[in-house]
Amino acid sequence: MKKVLTIAGSDSTGGAGIQADLKTFEEYGVFGFSSLTSIVTMDPSAGWSHEVTELPEELLEKQLVSVFAGEGIDALKTGMMGNEKNIHLASKYIQKYAVEKVVVDPVIACKGTAQILQPKSVVGIKEYLLPQAYIATPNLVEAGILSEMGDLLTIDDMKKAAVKIHQLGARHVVVKGGHRLGMNRAVDVFYDGATYDVLESELIQTDFNHGAGCTFAAAITAGLAKGYTVKEAVVLAKAFVGAGIKQGVHINQFVGHIWHGAYNQAENRMGGMIDEEK
Ligand code: PXL
């Protein structure tokens with residue numbers, strides 16, 4: 001079985017972060033490992049504002065030592081990193097164990113909030129992670145920050161940002177336009193250093209999209225581990241996340257999560273044995 005690692009933060013509510021990653025890995029039939037960098041909590045008495053508690057690098061290192069004690073892993077993804085020391089450490093382990101299939105989800109801005117959650121991470125992501133990225137998966141806001149282009153308003157802007165992020169070292173880039181681009185289709189731009197693909201899909205009008213970014217990157221990671229080409233992995237991941245958004249789960253009055261098991265209808269998996277009325 002392929003082995004896949006997520007180095008990311010915890011979303012206590014189970015939609016994004018390592019929870020999204022591990023759920024997605026399972027749906028792809030790969031074996032998930034995790035190394036936690038930070039814990040995100042949300043305050044219902046303050047409009048669901050997000051707080052990031054960073055974990056110390058010593059604790060991240062103990063986890064990485066545990067993960068890499070075996071025969072190695074087939075692919076990994078990075079998500080929310082907590083702080084620059086954690087970024088540096090992750091990059092050291094990627095290098096030490098020569099992991100090639102590295103998906104860098106440069107978590108700086110989260111969809112569920114206007115807050116820029118990890119402004120301190122920008123320098124480290126540019127310096128240490130993008131040069132090791134087999135593919136980087138910024139959303140529109142993150143691509144604007146990493147490319148130093150500011151607001152990206154058009155597909156042409158997305159293409160220019162993808163080139164700049166490629167120049168920072170990522171071998172492939174997919175800029176996620178999603179709902180933020182304000183078009184009537186969900187548009188992502190994929191760039192492999194030579195050509196662009198504008199990937200369009202149905203724009204799903206819903207608020208149940210928390211976790212979509214992490215899930216997308218996790219799905220690409222699992223696809224790469226399984227041996228799909230990077231473009232195939234991106235296309236598959238888009239279909240996987242689209243199903244998850246369509247079948248989102250109501251969590252509370254503040255947030256709606258995607259359902260990571262939607263594509264495979266995981267809720268029916270033990271259908272023969274479990275009472276489906278429950
Ligand atoms: O969606 C970005 C994100 C990534 N990682 C963690 C998060 C979030 C958003 O809430 O909590 C752990």
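Colleague: Which residue in β4 does Ile-7 stand opposite?

Modeller: Ile-7 stands opposite Thr-78 in β4. Bear in mind that this is a predicted model.

Colleague: How many bridges join β1 to β4, and do they run parallel or antiparallel?

Modeller: There are 4 bridges between β1 and β4, and the two run parallel.

Colleague: Which strand pairs with β4 over 3 bridges?

Modeller: That is β5, residues 102–104, and the pairing is parallel. Look for Lys-77, which stands opposite Val-103 in β5. To get from β4 to β5 the chain passes through helix α3, residues 84–96. This β-α-β crossover is right-handed.

Colleague: How do I read the side chains of a strand?

Modeller: Start with the general idea. In a regular strand, side chains alternate between the two faces of the sheet. Now take β4, residues 75–78. Ala-75 and Lys-77 point one way, while Leu-76 and Thr-78 point the other way. All of them are buried.

Colleague: What is the order of the strands in the open sheet?

Modeller: The sheet has 9 strands, in the order β3-β2-β1-β4-β5-β6-β7-β8-β9. The pairing is mixed.

Colleague: Which strands stand at the edges?

Modeller: β3 (49–54) and β9 (196–202) do. Each has a single partner strand, so one side of each has no neighbour in the sheet.

Colleague: In what sense do β1 and β2 pair?

Modeller: Parallel, over 9 bridges. β1 covers residues 3–11, and β2 covers residues 31–43. Within this pair, Ala-8 stands opposite Leu-36 in β2.

Colleague: Which strands does helix α2 touch?

Modeller: Helix α2, residues 57–67, packs on the sheet and touches β1 and β2. Its direction makes about 155° with that of β2. Helix α8, residues 230–246, also packs on the sheet, touching β6, β7, β8 and β9. The direction of α8 makes about 20° with that of β9.

Colleague: How many residues does α8 have, and how far does it reach?

Modeller: α8 has 17 residues and reaches 24 Å from its first C-alpha to its last. That is close to the 24 Å expected at 1.5 Å a residue.

Colleague: Which residues of α8 are buried?

Modeller: Among them are Val-230, Ala-233, Val-234, Phe-240 and Ile-245. The cover over the buried residues of α8 includes α1 (17–28), β6, β7, β8, β9 and α7.

Colleague: How many of the 7 residues of β7 are buried?

Modeller: 6 of the 7 are buried, so β7 is largely enclosed by the rest of the structure. Next, its partners. β6 and β7 run parallel and are joined by 2 bridges. Ala-136 stands opposite Val-173 in β7. β7 and β8 pair in the antiparallel sense over 5 bridges. There, Val-174 stands opposite Phe-190 in β8.

Colleague: Which residue takes a positive phi in the hairpin of β7 and β8?

Modeller: Gly-182 does, with phi near 75°. This hairpin has 6 residues between the strands.

Colleague: Which residue other than glycine has a positive phi near 70°?

Modeller: Trp-48. It lies in the loop between β2 and β3. Trp-48 counts as buried, at 12% relative accessibility. Gln-265 is not a glycine, yet it has a positive phi of about 50°. Gln-265 sits in the segment after β11 (256–257). At 44% relative accessibility, Gln-265 counts as partly exposed.

Colleague: Where does His-210 lie?

Modeller: His-210 is in the loop between β9 and α7 (212–225). With a relative accessible area of 12%, His-210 is buried. Leaving aside neighbours within four places in sequence, its contacts include Asp-11, Thr-13, Val-255 and His-257.

Colleague: How do I read a pair of aromatic rings?

Modeller: The pair is described by the distance of the centres and the angle of the planes. A search of the whole structure finds 8 aromatic pairs. One of them is Tyr-93 with Tyr-97, which is stacked. Their rings are 6.1 Å apart centre to centre, with 25° between the planes.

Colleague: Is Tyr-93 buried or exposed?

Modeller: Tyr-93 is buried, with a relative accessible area of 5%. Tyr-97 is partly exposed, with 35%.

Colleague: Which residues form one aromatic cluster?

Modeller: Tyr-28, Phe-240 and Tyr-263. Phe-240 is also among the buried residues of α8.

Technical notes. Residues are numbered from 1 along each chain as its sequence is written. This is a predicted model: local features need pLDDT of at least 70, side-chain atom pairs count only at pLDDT 80 or more; totals for chains, interfaces and linings use all residues. Side-chain values use heavy atoms; hydrogens and water are left out. Two strands pair if DSSP finds at least two bridges between them. Contact means heavy atoms within 4.5 Å. Axes are lines fitted to C-alpha atoms, for helices over the stretch in contact, and angles run from 0 to 180 degrees between N-to-C directions. Buried means under 20% relative accessible area, exposed over 50%, partly exposed in between (1.4 Å probe, protein chains only). A crossover is right-handed if, with the strands pointing away from the viewer, the path from the first strand over the helix to the second runs clockwise. The expected span of a helix is 1.5 Å times one less than its number of residues. Rings of Phe, Tyr and Trp (its six-membered ring) pair if their centres lie within 6.5 Å; planes under 30 degrees apart count as stacked, over 60 as edge-to-face and the rest as tilted.
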